2 protein chains.
Amino acid sequence: MTNAYRQNISIFLTAWLSLTLCGTTFAFDVIQALPAQPLFPGDNPSTAAKIELGKQLFFDPRLSIDGRFSCNVCHNLAAGGDDDGAVGRISQQRLNRSAPTLWNVSHMSTYYWDARARSLEEQATDHLLDPRVMAMGTADALVQRLNQIAGYRQAFAGAFNENVSGKGAISMPNIAKAIAAFERTLVTPNSAFDRYVKGDKKAISESAQRGFKLFDDTGCLSCHFGVNFAGPAPGPALNMGDGFYELFPNHLGSRYDEKYDLASDIGRYQVTLDERHKYMWRVPGLRNIELTAPYFHNGKVASLDEAVRIMALTQLKTEFNQQQVNDVVAFLKTLTGEIPSITLPRLPETEGLSLMVGNDSAAK
Amino acid sequence: MTNAYRQNISIFLTAWLSLTLCGTTFAFDVIQALPAQPLFPGDNPSTAAKIELGKQLFFDPRLSIDGRFSCNVCHNLAAGGDDDGAVGRISQQRLNRSAPTLWNVSHMSTYYWDARARSLEEQATDHLLDPRVMAMGTADALVQRLNQIAGYRQAFAGAFNENVSGKGAISMPNIAKAIAAFERTLVTPNSAFDRYVKGDKKAISESAQRGFKLFDDTGCLSCHFGVNFAGPAPGPALNMGDGFYELFPNHLGSRYDEKYDLASDIGRYQVTLDERHKYMWRVPGLRNIELTAPYFHNGKVASLDEAVRIMALTQLKTEFNQQQVNDVVAFLKTLTGEIPSITLPRLPETEGLSLMVGNDSAAK
């Protein structure tokens, strides 16, 4: 499937490059401005009630076993939609991968560094139950906990058109749908690059323009294309979750492999045990990349400059000089969009009761 | 000092009770409605710039050593201004006391369960450096980190009237002042009880009215009085931080001591090593108490009902029947105020750089 994409993309790129080289437009969807509206899949349509409920759940630490960690702790929406640490760490556990940003996540075609989830709903479910993350263990445990909170019983019934007094509105699929619906609203439109693509040629600096040309000429665009510069976005031409992933490091053995431990985690192979998936990874998006340091799946690279040097060498066997690094970084910084204002939700209370006392002790 | 307060309070109470028993007013400051405006100490006046900066710092996980924990993780402003866990836990460490709420904290006269801080500024400084909490270790380490963030250099210079290009605006005292200034804005006015105190006799139920009378008759009010029902508030009659604390358990040896491990932590004595301070604790405020389960310094009591039973017996040698418990809880729930809407701040970025990569590994 990856190869099929690559062939299509080659055709796209050829068509698109001939357009851009004539100095005309960016009409082709290899490069396109971020749509102001996120994508929603057909089986989880967006509603205001569902989004508001999802926001509560996203900020509610009671969705973790010991009541301490909300989604927002690692996917911090006051910052890059990720955390500042190298790799995720919840409670006593340390994950082996860096938390990816949630900004513009509706335009991703696959989820997790190893592309093991095909929808945001699947990703949310997995993270809530995973013993290394929110650690709820079973869907029943989570559903039972939320059913004790009157405000959630009402909100789920409202968002999913169930009878308030009836049971069943709070279910694992509905929890995941609400969280995913909220996450899909996290769009950052109107970056300088978007304005540039739409025709404002002064929206980005000359250095950034050189950087974009270099990004294209060197071959970065062959993987980092589309709305999020992360390969195909879900849409008519691609079923959501069909996935898109590439080899990293493409050229094993560079000086960076050891320096940043780039080759010890072999990526998607660990999910599929398919030999062809060794060192395969989801292509990460590049929007707001200046906000999401540190970089790479293991978060071992602190600066964007260094990340650019590494990618040039490991993927394309190219050494960038400092001016080239500066130019590409200048381009990448034009991908920072307008972060929406988010009002902290009010979490529904259990009114004079903690659901956590026993769990807190158990989770020590 | 505690005894001196108690004598004054006895006089106050006598005067106030004679007023209330005549069914007149609550004019006396033993009981008073929550002022809409918080108190600010003379050496840290409130300004919009300082409050906004403090809000950024409050929500910024980079103020903890591994860049993972903001103040808001344990003092969750989407909920009760505290966490749901029994006791605080940051990173690998587990604290031995429950995180207190920050709502209406400007009206407290002392800070920490053991009253060891005399101002919010002192409390913030202590928590940022404490190896069990934010674990920054030294003020220099924190100042050095924040000085690497251009947005903070500007914001501190603006909030503290320093020259932007000059050094020194980011200092431990200024960090603490900004955080404290934000925390003081966290007021929850206009509770049902406040409306009742102001004269709306239908603002609280008959059960709550009976509960309040019982709360008063039984003697709860002798410690839980004033704006926050936590003893003297800072003000003209009391220097900020003079402190107010009381004995708990007042009557050792009740059936609850063992059940909830109430007597193993001997409170303020551990700070002062003064024999008179054994089992002395800051009197916790009661506003929004229905939002701050679990209860007591060790957070071992899950429900407000049980907390009321425990207090009646351990403090006043009184057994409440279920109706009395219900009434007092009904009264306590009238103390829930209007929680202000809070917009998530945007945290200033380091633009393509992480300050955490090394620290994250070190903090494992």
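Select B:D83: at 5% relative accessibility it counts as buried (under 20% relative accessible area; exposed is over 50%, partly exposed in between, with a 1.4 Å probe and protein chains only). The model is predicted, with local features needing pLDDT of at least 70 and side-chain atom pairs pLDDT 80 or more, while totals for chains, interfaces and linings use all residues. Residues count from 1 along each chain as its sequence is written, chains are lettered from A and ligands numbered from 1 in the order written, and side-chain values use heavy atoms, without hydrogens and water.

**Across the chains**

Helices (H or I, at least four residues) and strands (E, at least two) are DSSP runs, numbered from the N terminus. A:R68 is buried too, with a relative accessible area of 2%.

Now show the whole interface. The contact (heavy atoms within 4.5 Å) takes 55 residues from chain B and 55 residues from chain A. Together the chains bury about 4,500 Å², 49% of it on carbon and sulfur atoms. Buried area is the accessible area (1.4 Å probe) that two parts lose on being put together, summed over both.

The rule finds 4 salt bridges across this interface. Pick A:E351 and B:K333 next: their side chains form a salt bridge at 3.8 Å, N to O. On the chain B side, α3 (71-74) and α14 (357-362) each supply at least two residues that touch chain A. The largest share, 3 residues, comes from α14(B).

**The ring pairs of chain B**

The structure holds 29 aromatic pairs over all chains. Rings of Phe, Tyr and Trp (its six-membered ring) pair if their centres lie within 6.5 Å; planes under 30 degrees apart are stacked, over 60 edge-to-face, the rest tilted. Select B:F212 and B:F331. Their centres are 5.1 Å apart and their planes stand at 45°, so the pair is tilted. B:F212 lies in helix α9 (residues 206-218) and B:F331 in helix α13 (residues 322-333) of chain B, so the pair ties together parts 119 residues apart in sequence. Both B:F212 and B:F331 are buried.

Switch to chain A. Ring pairs link A:F193, A:Y196, A:F212, A:F215, A:F229 and A:F331 into a cluster.

Over all chains the count comes to 34 salt bridges. Go to B:E319 and B:R255, whose side chains meet at 2.9 Å, N to O. The pair links distant parts of the chain, 64 residues apart: B:E319 in the loop between α12 (304-316) and α13, B:R255 in helix α10 (residues 255-259). At 48% relative accessibility, B:E319 counts as partly exposed.

Then select A:R97, A:D114, A:R116, A:D126 and A:D265. Salt bridges that share partners join these residues into one network. Within that selection, A:D126 and A:R116 have their closest N and O atoms 3.7 Å apart.

**Last stop**

Finish at B:S119, in the loop between β2 (93-94) and α4 (120-129) of chain B. B:S119 is partly exposed at 22% relative accessibility.
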